[in-house]
Every structure is written in C-alpha cells, then in structure tokens.
Amino acid sequence: MSRFAKITELRFKAATTFQRRIGNPVTRRLPFQTLLETTGRTSGLPRVTPLGGRRIGDTFWLVSEFGEKSHYVRNIKADPRVRVRIGGRWHSGTAVLLPDDDPIARLRTLPRVNSTGVRTMGTNLLTVRVDLSD
C-alpha cells in the first residue's frame with residue numbers, strides 16, 4: 001500500500017470513528033440539524049446520518065466526503081428512497097448519485113462551514129442529489 005493510500009485510509013478511519021462515537025450521536029439530537037434517513041442495505045432498518053447540504057427548490061444537494069465508502073451512499077445504492085429533515089421538517093425523496101458532477105464546484109454552492117469540513121476530511125468526494133417529493 002502506498003504512503004498516500006495509508007494516509008487516506010487513516011483519515012477515513014479517524015473521521016468515521018469520530019462521527020460514529022461523538023459527532024453523529026450529538027448532532028442527531030439537535031432540532032434543526034439536517035438529517036438524511038436511508039434504509040439499511042442489510043438490516044432494512046432506518047439509518048439516520050447528520051449532514052450538511054442545501055435545498056434549492058424541490059431538490060436537496062449534498063456532497064459525501066467518502067464517496068461510495070460512506071455507509072449512507074451504500075444504502076442509497078441499495079434503495080434510493082430516502083427522507084431528509086430540513087429545518088425540523090421531514091421530506092421524502094429519491095436520492096441520485098452523481099459521479100460525473102464536479103463535487104468541488106458543488107461544495108462552493110453549499111453552506112460554507114460544512115463544505116470546508118467535507119473538503120478537509122474528504123478523500124473521495126461524491127455529489128448526491130435528492131429529488132424531494134413533498
């Protein structure tokens with residue numbers, strides 16, 4: 001394994017460990033934190049992930065910092081039906097993975113604080129569009 005690959009893997013493990021143990025349990029409880037609910041690809045149970053993004057019309061945009069390694073992206077690949085909590089209100093929708101979209105350009109259109117974190121910690125950025133149905 002190359003030195004770059006080792007560093008990338010260490011960044012992934014550090015970020016996901018922090019998110020699982022501290023970040024996600026805390027931020028999921030904040031009333032106006034944006035949340036993405038997917039269906040677990042193996043369990044079939046709801047899985048909730050706090051994240052950042054922006055609603056534009058009937059579309060919600062986000063960038064996954066670890067691309068297809070992210071569990072919520074793997075869940076979307078298995079079942080694209082999702083729910084997004086925006087401003088304390090849940091919306092149903094269908095998620096679409098956009099590997100051909102420029103995630104760096106997309107991050108410039110999303111909230112700055114989250115975008116900075118995604119760019120800093122991310123190793124394999126992937127744009128995700130959620131077409132909201134309600």
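## Aspartate 58 and its surroundings

In this predicted model, aspartate 58 touches Val130, Asp131 and Leu132, when residues up to four places away in sequence are not counted. Aspartate 58 itself is placed in the loop between E3 and E4, and its C-alpha atom lies 7.4 Å from that of serine 133, although the two residues are 75 residues apart in sequence. Despite these contacts with Val130, Asp131 and Leu132, aspartate 58 is classed as exposed, because its relative accessible area of 54% is over the 50% cut-off.

Aspartate 58 also takes part in a salt bridge, in which its side chain meets that of arginine 55 with an N to O distance of 3.6 Å.

## Strand pairs and the hairpin

Within the sheet, the antiparallel pairing of E1 and E5 runs over 3 bridges, and here glutamate 37 stands opposite arginine 83 in E5. E5 pairs in the antiparallel sense with E6 as well, over 6 bridges, and in this pairing valine 82 stands opposite glycine 93 in E6. E5 and E6 form a hairpin with 2 residues between them, and glycine 87 in the turn has a positive phi of about 60°.

The next pair in this account is E6 and E7, which run antiparallel and are joined by 6 bridges, with valine 96 standing opposite arginine 129 in E7. In a regular strand, the side chains alternate between the two faces of the sheet.

## Arginine 83 and the salt bridges

The structure holds 6 salt bridges, among them the one in which the side chains of glutamate 37 and arginine 83 meet at 2.8 Å, N to O. This pair links distant parts of the chain, with glutamate 37 in strand E1 (residues 35–39) and arginine 83 in strand E5 (residues 81–86), 46 residues apart. Glutamate 37 counts as buried because its relative accessibility, 18%, is under the 20% cut-off, while arginine 83, at 29%, counts as partly exposed. Arginine 83 also has an aromatic contact, since its charged end sits over the ring of tryptophan 90 at 4.2 Å from the centre.

Another of the salt bridges joins the side chains of arginine 81 and aspartate 79, at 2.9 Å from N to O. The two partners fall into separate exposure classes: arginine 81 is exposed, with a relative accessible area of 59%, and aspartate 79 counts as buried at 14% relative accessibility.

## Aromatic rings

A search of the whole structure finds 0 aromatic pairs, but charged side chains do lie over aromatic rings, as with arginine 83 and tryptophan 90. In a further case, arginine 106 lies over the face of tryptophan 61, at 3.7 Å from the ring centre.

## Valine 113 in helix H4

Valine 113 is found in helix H4, which spans residues 112–121, and is exposed, with a relative accessible area of 75%. The C-alpha atoms of valine 113 and glycine 52 are separated by 8.7 Å, although the two residues are 61 residues apart along the chain.

Terms used: Residues numbered from 1 in each chain as written. Predicted model: local features only at pLDDT ≥ 70, side-chain atom pairs only at ≥ 80, totals over all residues. Heavy atoms only, no water. Phe/Tyr/Trp six-rings, centres within 6.5 Å; stacked < 30°, edge-to-face > 60°. Lys NZ or Arg CZ within 6 Å of the ring centre and 35° of its normal. Salt bridge = Lys/Arg side-chain N within 4 Å of Asp/Glu carboxyl O. Helix = DSSP H or I, 4+ residues; strand = E, 2+ residues; numbered from the N terminus. Buried < 20%, exposed > 50% of the residue type's maximum accessible area, 1.4 Å probe, protein only. Pairing = 2+ DSSP bridges. Contact = heavy atoms within 4.5 Å.
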